[in-house]
Amino acid sequence: AISMSATDGLQRGMTAVDTGAALAVPVGTTTLGRIFNVLGEPVDEMGDVDMSLTSTIHRAAPSFVELDTQLSIFETGIK
């Protein structure tokens, strides 16, 4: 089992629950300008984010024809 949050009070032999769901993070225009941790939780103290549109962290790579071959600047917001 893997824990993606605090494990306070966790002891060997305790029952674990398999949700069967993959890790998912919010996507879309509501995430623009926001800061998230690795679990997709907002950490910028700007309140909750709309979680109605999410995407799993693992997905298939885009096909070759979907790739953009034009030279462009990739803006990340990271300084």
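**Exercise 1. Work out what share of the contacts with a separation of 6 or more comes from residues 24 or more positions apart, and describe the overall form of the protein.**

Solution. Start with the contacts: in this predicted model, residues 24 or more positions apart supply 43% of the contacts with a separation of 6 or more.

Next, look at the secondary structure, which comes to two strands and zero helices. The radius of gyration is 17 Å, well over the 12 Å from the globule rule for 79 residues, so the protein is more spread out than a compact globule. Its C-alpha trace spans about 55 × 35 × 25 Å along the principal axes.

Finally, turn to burial: 9% of the 79 residues count as buried.

**Exercise 2. Find the salt bridge and decide whether arginine 34 is buried or exposed.**

Solution. The structure holds one salt bridge. Its partners are the side chains of arginine 34 and aspartate 44, at 2.7 Å from N to O. Both residues lie in the loop between β1 (24-26) and β2 (54-56), so the pair ties together parts that are ten residues apart in sequence.

Now apply the cut-off: buried means under 20% relative accessible area. Arginine 34, at 16%, counts as buried. Aspartate 44, at 17%, is buried too.

Terms used
Residues are numbered from 1 along each chain as its sequence is written. This is a predicted model: local features need pLDDT of at least 70, side-chain atom pairs count only at pLDDT 80 or more; totals for chains, interfaces and linings use all residues. Side-chain values use heavy atoms; hydrogens and water are left out. A salt bridge is a side-chain nitrogen of Lys or Arg within 4 Å of a carboxyl oxygen of Asp or Glu. Helices (H or I, at least four residues) and strands (E, at least two) are DSSP runs, numbered from the N terminus. Buried means under 20% relative accessible area, exposed over 50%, partly exposed in between (1.4 Å probe, protein chains only). The radius of gyration is taken over C-alpha atoms; the globule rule is 2.2 Å times the number of residues to the power 0.38. Contact means heavy atoms within 4.5 Å.
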